[in-house]
Amino acid sequence: MVKPTTDIDHWHMGAALGLASRGLGRVAPNPAVGCVIVNGDRVVGRGFTQPGGRPHAETEALRHAGDLARGATAYVSLEPCSHHGATPPCADALIAAGVARVVVAMTDPDPRVSGAGVARLRGAGIEVTEGVREAEARSVNEGFCLRVAGGRPLVTLKLATSLDGMIGALGGDSRWITGEEARRAGHLLRARHDALLTGVGTVLADDPMMDCRIDGLDHLSPIRIVADTSLRTPPDSQLVMTARQVPLWIVTSEHAASTLGPRFRDMGVEVVAAPVADGRLDMRAVLGALARRGITRVLAESGRALAGSLLRADLVDRVAWFRAAAMIGGDGITAVRSLGVVKVAAMPRFKPDGHVRLGQDVLETYRRSTY
């Protein structure tokens, strides 16, 4: 008989989910997983997926638990893997360690696992409880799930605007609309994503670095990606000049990749070819190309052109909107290019997900209403 879910199960799974979130932005293409091992009323092991995707969370937790794992309960935020990849199956490791019970938040969407891990545990006589805090587990690994099931990464659109939705003044000035606390939060957001996406227009206008500029977290700078149909990115831009220190990918047309790409490749840039539609990169195809390269979470920090392209293609899953308590007015630069919305019913819709005050600014987060 399977034990019913208890408050203690919810508590320990919450800890496992907190551990899992530590891996966001560092474990792609693997999922971010957390594991807590409890023997009696004592936590004897904790672990989360390590940078690069291994060791896995269960392996880390079992290493800390040692012999105390025998007879214990393991709380895992994602079904333990059952296939041989770069590491042996975690289901087998739990069996060998002699755990008595495994509590799983969600089934692994990877068809190589998807139920097989739980079946292997039960086949070894281990009691398994499933679905504990499942919705939260899916939220943590939404990017991994989208990559497996939808062939693209999770996309978060970051906006930093005035109260009336402007990203710049009439003359083009845009620094700084939000204050230091909001900018610091923006850099922390970068560290939790695999890749940072912008358009060539932003590169030409601002010559950005697109890194994580927080003391102690500079090593967490994500892969920098530029959507650049005609490969107009200047070879002497900060992005290109630092490509050997922080990875830079430029997604461009097949023609530009073949004619202009070699020069950039010689400078350490990865040039990715993608289809073009109506003179612009097909953003769905771009995201598909990123997913095939293992990207699960993308933060889009761009001008209004790329933001509009992503919204029109229904490719924005979350919005992180930093708002300054100030107004620019209708002659400012809007955050999003025209979407061609004729009727209100056709608007892209999101539901509120969070609200944080950052000095004089606020961060509002939203997620798409439906998939």
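I take a crossing as left-handed if the near helix is turned anticlockwise from the far one by less than a right angle, and as right-handed if clockwise. Helices (H or I, at least four residues) and strands (E, at least two) are DSSP runs, numbered from the N terminus.

**Basis.** I worked from a predicted model, in which local features need pLDDT of at least 70, side-chain atom pairs count only at pLDDT 80 or more, and totals for chains, interfaces and linings use all residues. Residues are numbered from 1 along each chain as its sequence is written, and side-chain values use heavy atoms, with hydrogens and water left out.

**Entry: α2 against α3.** I looked up the crossing of α2 and α3 and found it left-handed. Their axes lie 9 Å apart and pack at an angle of about 20 degrees; axes are lines fitted to C-alpha atoms, for helices over the stretch in contact, and angles run from 0 to 180 degrees between N-to-C directions. α2 is therefore roughly parallel to α3 (under 35 degrees; over 145 is roughly antiparallel, 65 to 115 roughly perpendicular and the rest oblique). I noted Glu58, Thr59 and Leu62 on the α2 side of the contact, and Cys90, Ala93, Leu94 and Ala97 on the α3 side; contact means heavy atoms within 4.5 Å. By class, this contact of α2 with α3 holds five nonpolar, one polar and one charged residues. Ala, Val, Leu, Ile, Met, Phe, Trp, Tyr, Cys and Pro count as nonpolar, Asp, Glu, Lys and Arg as charged, and the others, Gly among them, as polar.

**Entry: α3 against α4.** I then followed α3 (residues 90-97) to α4 (residues 116-123): the two axes come within 9 Å and cross at roughly 20 degrees. α3 and α4 are therefore roughly parallel to each other, and their crossing is right-handed. Ala91, Asp92, Leu94 and Ile95 of α3 meet Gly117, Arg120 and Leu121 of α4. I count four nonpolar, one polar and two charged residues in this contact of α3 with α4.

**Entry: backbone.** I found a cis peptide bond between Ala28 and Pro29, with omega about 10 degrees; Pro29 sits in the loop between α1 (7-21) and β1 (34-39). The bond from Arg54 to Pro55 is also cis, with omega near 0 degrees, and Pro55 belongs to the loop between β2 (42-48) and α2 (57-65). Ser114, a residue other than glycine, has a positive phi near 20 degrees; I place Ser114 in the loop between β4 (101-104) and α4.

**Entry: cavity.** On a 1 Å grid over the protein atoms alone, a cavity is a set of points where a 1.4 Å probe fits but cannot get out, and lining residues have an atom within 4 Å of a point. Grid points are joined across faces, edges and corners, and a volume is the space filled by probe spheres set on the points. I find one cavity of 30 Å³ or more; the largest cavity has a volume of about 70 Å³. Its lining has 16 residues, of which Leu24, Asn30, Asn141, Thr296 and Arg297 are the closest to its centre. Helix α6 (residues 142-150) gives the most to this lining, with three residues. By class, I record seven nonpolar, six polar and three charged lining residues.

How values were computed. 1 Å grid on protein atoms, 1.4 Å probe; cavity = no way out; pocket = protein on both sides within 12 Å on 5 of 7 lines; lining within 4 Å.
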